[in-house]
Number of protein chains: 4
Amino acid sequence: MLKELKDKVFKANLDLVKHGLVIHTWGNASGRDRESGLIVIKPSGVDYESMKPEDMVVIDPEGKVVEGKFKPSTDAPTHLLLYKSWPEIGGVVHTHSSYATSWAQAGKAIPPFGTTHADHYYGEVPCTRLLTDNEIETDYEINTGKVIVEKLGKFDPLSIPSVLVCSHGPFCWGTDADNAVYNAVALEEIARMAFYTILLGKNEPISQSLLDKHYKRKHGNGAYYGQGEKSN
Amino acid sequence: MLKELKDKVFKANLDLVKHGLVIHTWGNASGRDRESGLIVIKPSGVDYESMKPEDMVVIDPEGKVVEGKFKPSTDAPTHLLLYKSWPEIGGVVHTHSSYATSWAQAGKAIPPFGTTHADHYYGEVPCTRLLTDNEIETDYEINTGKVIVEKLGKFDPLSIPSVLVCSHGPFCWGTDADNAVYNAVALEEIARMAFYTILLGKNEPISQSLLDKHYKRKHGNGAYYGQGEKSN
Amino acid sequence: MLKELKDKVFKANLDLVKHGLVIHTWGNASGRDRESGLIVIKPSGVDYESMKPEDMVVIDPEGKVVEGKFKPSTDAPTHLLLYKSWPEIGGVVHTHSSYATSWAQAGKAIPPFGTTHADHYYGEVPCTRLLTDNEIETDYEINTGKVIVEKLGKFDPLSIPSVLVCSHGPFCWGTDADNAVYNAVALEEIARMAFYTILLGKNEPISQSLLDKHYKRKHGNGAYYGQGEKSN
Amino acid sequence: MLKELKDKVFKANLDLVKHGLVIHTWGNASGRDRESGLIVIKPSGVDYESMKPEDMVVIDPEGKVVEGKFKPSTDAPTHLLLYKSWPEIGGVVHTHSSYATSWAQAGKAIPPFGTTHADHYYGEVPCTRLLTDNEIETDYEINTGKVIVEKLGKFDPLSIPSVLVCSHGPFCWGTDADNAVYNAVALEEIARMAFYTILLGKNEPISQSLLDKHYKRKHGNGAYYGQGEKSN
């Protein structure tokens, strides 16, 4: 079942490796089937080199395995909470990419320092609060999802398509698995340039007008970047 | 029309990716036809992997599309203003390359810290002023061109073939599209080494005599680098 | 003799190069045969490009060459001391990988700044004390092993599978040569992110509860990461 | 003439590109024929992609072109001065490699922070004084060689096989062109790790006894690294 989505999610997982965002098994990608609401996700701890499309695991919104010979990614409950909270998203990825993870480890949001950032995020890339010891000890992965949703608050998740989980790393999402990978690639480069920018002595974000200009040039009704249909 | 120039501009755009200066669609290159004054430029938001030479867009100096099924790059008005201001240039490229963009985000010119810099730029790589809110809201891309030209002032644009647009990223130019790519590659490496140099505690530029020596060793009537004809 | 182990150790040595942890001949890997207690190790100063599986050297636990036309790695006495001290390990690698070595050169342990670290090390990656002049002048390589074992103290070596030798570089180990390479790859990325994290202004390690959660999610009886059998 | 040496010098020049030490035409390598004393060097400003072994230029110790259709590298006078001063060397390379050049731009010697350094340099990698305006204006390339030799002073050039030319970049040498490339690769990695080490807060070099141990383990009569014959 869901063969096409399995192929897409499989490819999304490999793309994380291809783009240098994941080594070992430090990442996972998932996608949602719009009709059935089922989620296809990477199996837990399986090597990327031996992984095949049919190894992808199908789970229902409560996390029950519907199809697949492997256990789903340990982070599946986090993915599920994001899907449940945000009907508009269709893909989620989690990586430990070097620069984004370093910002998460430092416990700092990434300020919008330039137009590259503004082209992709309508504001800073936020960093969650730390989980309490209780939240860590019980239902850790669900609580990780909860602090992400709590942090994003009333923002449109597609206008801020990534969050840094404090002391952990980035979660990114999008309209589908491929779009979530796209956002993860953008985030890592934005995190890298923000790191250099900070070291060059800059701490102030760009103006609201420049943020508006670039974000709205690519997104929403007034967008004039690309060829008319939705473009990345 | 302009098949040869389209091939060159197409290759210049791909070279930006090959040299690691562009990910996603974060860049664009253009070239000018000396005879007709027409400009060939990358289409907006088209993936590099699927792009073909015939997808390049031909525009006239006012930005009107003369040939091409796609819309030109959103940054076309910036390119056009540079071509109009500087008859001696034949190619323009814009990237969000990591180190050059970080200097732009920090709002700092790149001082000439060594002979690598002096071999390519006859002085610092300048950083523009910020655009005003009005300049951002109306004719943003034209105004981006204007602050570049304003910043370069009376300098020969071929002796300082790049500028950092504050809070945005580098624009580079040259005698043709290929030469502009050459300059973008040099700029990124110069920006990278300047970043390391600053972190090692150095803030003073090299002496005027060393700047003169290296720049003039490669450029102008007294040049003795290369094989006699113009060399990069 | 030990053809299979030679193949594994040969591959482990090449993998260090493939993963960018070793240039020139700056590294070595070894493995232990569980039955005989013999060690297979890289020959000293032999180029990776010309090296063949049959060039691996077989030594006994005292360092006597049992088979092989080459001298064993100069660091063999360090490997042997680790094998002798820790019966549970089956592989050792030594590299001069860039970030881990820089921490070793700075004489600083790598604090657990995030869950990537906690997934692999149950606490900081420790840094040994400096050797005394006497320890350097006589039996240097054995003494290098001694300060590693001294530093690890009563910790389970498989729960902290790497140490930084002060002013030198990392030694990593594992259940076999391949697992030791796995740990060396993880260490370098963890060292890299810890470096960025420090530069972003963070100095405090993560909480004990987060360290416990992530380490125990992947290791020991309560582990629920992976597919049930031991996973990396 | 000197076909074998031309092949070696050609390969050495390409190896600089392969190892990531040179982009554009920012580097050059040369080798000396022991019998005739003639030097084979890269032509000036010729692209690496189109360059062929027969394009290498043969010059005599005074810089007169003995064979070759191209002009020799602009830096040939610097190479020649090193060959003239140090009969024991057989190869010279010059690069603008990122980290070594950044130390040169900062005007700082690279302290021996660890055993990687001590394995290759018997002391710091020195940085020359700045040239005076007179030295820059007249015979610049010869004077560049002079400050290198002046800086190295009474040291054996094969025990400190590199110098940073202040505000410029590294010159490296060795027993032949290939060995000079080997040293340039080692220098860049040592410069990179020293940069990270400084940023981690370390400023003191290693002890003389550790420097002695590692340098002499690989070099001189007491060496016991490698297979008995001279090893890198």
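Val46(C) counts as buried because its relative accessibility is 9%; buried means under 20% relative accessible area, exposed over 50% and partly exposed in between, with a 1.4 Å probe and protein chains only. The model is predicted: local features need pLDDT of at least 70, side-chain atom pairs count only at pLDDT 80 or more, and totals for chains, interfaces and linings use all residues. Residues are numbered from 1 along each chain as its sequence is written, chains are lettered from A and ligands numbered from 1 in the order in which they are written, and side-chain values use heavy atoms, leaving out hydrogens and water.

**Around Val46(C)**
- Val46(C) sits in the loop between strand 2 (39–41) and strand 3 (57–59) of chain C.
- Leaving aside residues up to four places away in sequence, Val46(C) touches Thr25(C), Met51(C), Phe70(C) and Gln227(D); contact means heavy atoms within 4.5 Å.
- Trp86(C) is 40 residues from Val46(C) along the chain, and their C-alpha atoms are 28 Å apart.

**Chain A: fold**
- Chain A has 8 helices and 7 strands; these are DSSP runs, with helices (H or I) of at least four residues and strands (E) of at least two, numbered from the N terminus.
- The C-alpha trace of chain A spans about 50 × 45 × 35 Å along its principal axes.
- Of the 232 residues of chain A, 63% count as buried.
- Of the contacts in chain A with a separation of 6 or more, 64% join residues 24 or more positions apart.
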